[in-house]
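I will go through the strands, the helices and a few backbone details in turn.

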Amino acid sequence: MRVLGLAGSLRAGSHSARLLALAGSALPAGAELVTWSRLGELPLYDPDVDARETHPVVESLRDAIREADALVIVTPEYNASVSGVLKNAIDWASRPRATTALQSKPVAVVSQSPGQFGGLWAADDLKRILKITGARPLEEAVSVAQIDTVLPDGAPALQDEELHDALVAQLAALVEAAQTATVAA
Ligand SMILES: Cc1cc2nc3c(=O)[nH]c(=O)nc-3n(C[C@H](O)[C@H](O)[C@H](O)COP(=O)(O)O)c2cc1C
């Protein structure tokens, strides 16, 4: 089982990227996390460019999604929504609409922020965006509040057992959804 991971931040030492790595360790046996971390290399989505040329980084993203059985996406909250770089990547991946690599892909949504809601709005928006593309986000997102305390610099694990357990449960549900999708196909 191949799980593709995207982190919606370009920042060095990003909490999103660190959470994604933790998600990789929390996957059930037999599932492997493959991280695609070239969001910053994608051009801004332009339908004219998309229609005219094949961009290698865009193709890399679309192929990585196509080859995955499921996705984990970790987003920071930016102004009450997902980050722009993540939205841009999803816009590229969502086209061509009829053959999008995202079609029917199960997705685990994780959000984080230093605030008390853990990027709940970003998680809700991400689920809505993914549904529109044809992907299948799990209904239950994991939102990590007070990320600076829960995952301080240098910490090798989440400093909150309940959140760790929620992440493990979410990833188990993701793998189950991917297995069900494979059987149904
Ligand atoms: C442009 C910008 C907008 C932000 N907006 C919000 C926000 O609306 N709500 C919130 O809780 N945090 C907000 N934050 C804080 C980020 O969510 C927080 O720093 C997050 O941990 C960054 O993720 P990263 O470490 O993966 O880069 C914002 C940060 C930036 C840079």
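Let me begin with accessibility, where buried means under 20% relative accessible area, exposed means over 50%, and partly exposed lies in between, computed with a 1.4 Å probe on protein chains only. This is a predicted model, in which local features need pLDDT of at least 70 and side-chain atom pairs count only at pLDDT 80 or more, while totals for chains, interfaces and linings use all residues. Residues are numbered from 1 along each chain as its sequence is written, and side-chain values use heavy atoms, with hydrogens and water left out.

With those cut-offs, S104 is partly exposed, since its relative accessible area is 26%. S104 sits in the loop between α4 and β4, and its phi is near 65 degrees, a positive value in a residue other than glycine. The element names refer to DSSP runs numbered from the N terminus, helices being H or I of at least four residues and strands being E of at least two. A80, in the loop between β3 and α4, likewise has a positive phi for a residue other than glycine, near 70 degrees, and with 31% relative accessibility A80 counts as partly exposed. Where is the cis peptide bond that involves P96? It joins R95 and P96, with omega about -5 degrees, and P96 belongs to the loop between α4 (84-93) and β4.

Let us turn to the strands. Two strands are said to pair if DSSP finds at least two bridges between them. By that rule β1 pairs with strand β2 (residues 32-35) in the parallel sense, over four bridges, and within this pairing R2 stands opposite E32 in β2. Five of the six residues of β1 are buried, so β1 is largely enclosed by the rest of the structure.

How many of the residues of β4 are buried? Seven of the seven are, and therefore β4 is largely enclosed by the rest of the structure. P106, A108, V110 and Q112 point one way from the strand, whereas V107, V109 and S111 point the other way, and all are buried. β4 runs parallel to β3, to which six bridges join it, and S111 is the bridge partner of T75.

V107 in strand β4 deserves a moment, because at 0% relative accessibility it counts as buried. Taking contact to mean heavy atoms within 4.5 Å, and leaving aside neighbours within four places in sequence, V107 is in contact with L71, I73, L130, A135, R136, P137, L138 and L174.

Now to helix α1, which contains both S16 and R18. S16 counts as buried because its relative accessibility is 1%. A polar contact here is a pair of N or O atoms within 3.5 Å; within protein, one must be able to donate a hydrogen and the other to accept it, and residues adjacent in sequence count only if both atoms are side-chain atoms. The side chain of S16 makes such a contact with the side chain of Q112, at 2.9 Å.

The side chain of R18 does reach the backbone oxygen of A155, at 3.2 Å.

I will finish with two other helices. In α4, the buried residues are L86, N88, A89, I90, W92 and A93, and what covers them includes α2 (47-52), α3 (56-67), β3 and α5 (120-133).

In α7, the buried residues are L163, L167, Q170, L171, L174, V175 and A178, and they pack against β1 (2-7), α1 (15-26), β3 (70-76), β4 (106-112), β6 (142-144) and α6 (147-150). At the start of α7, a side-chain oxygen of D160 reaches to within 3.0 Å of the backbone nitrogen of E162.
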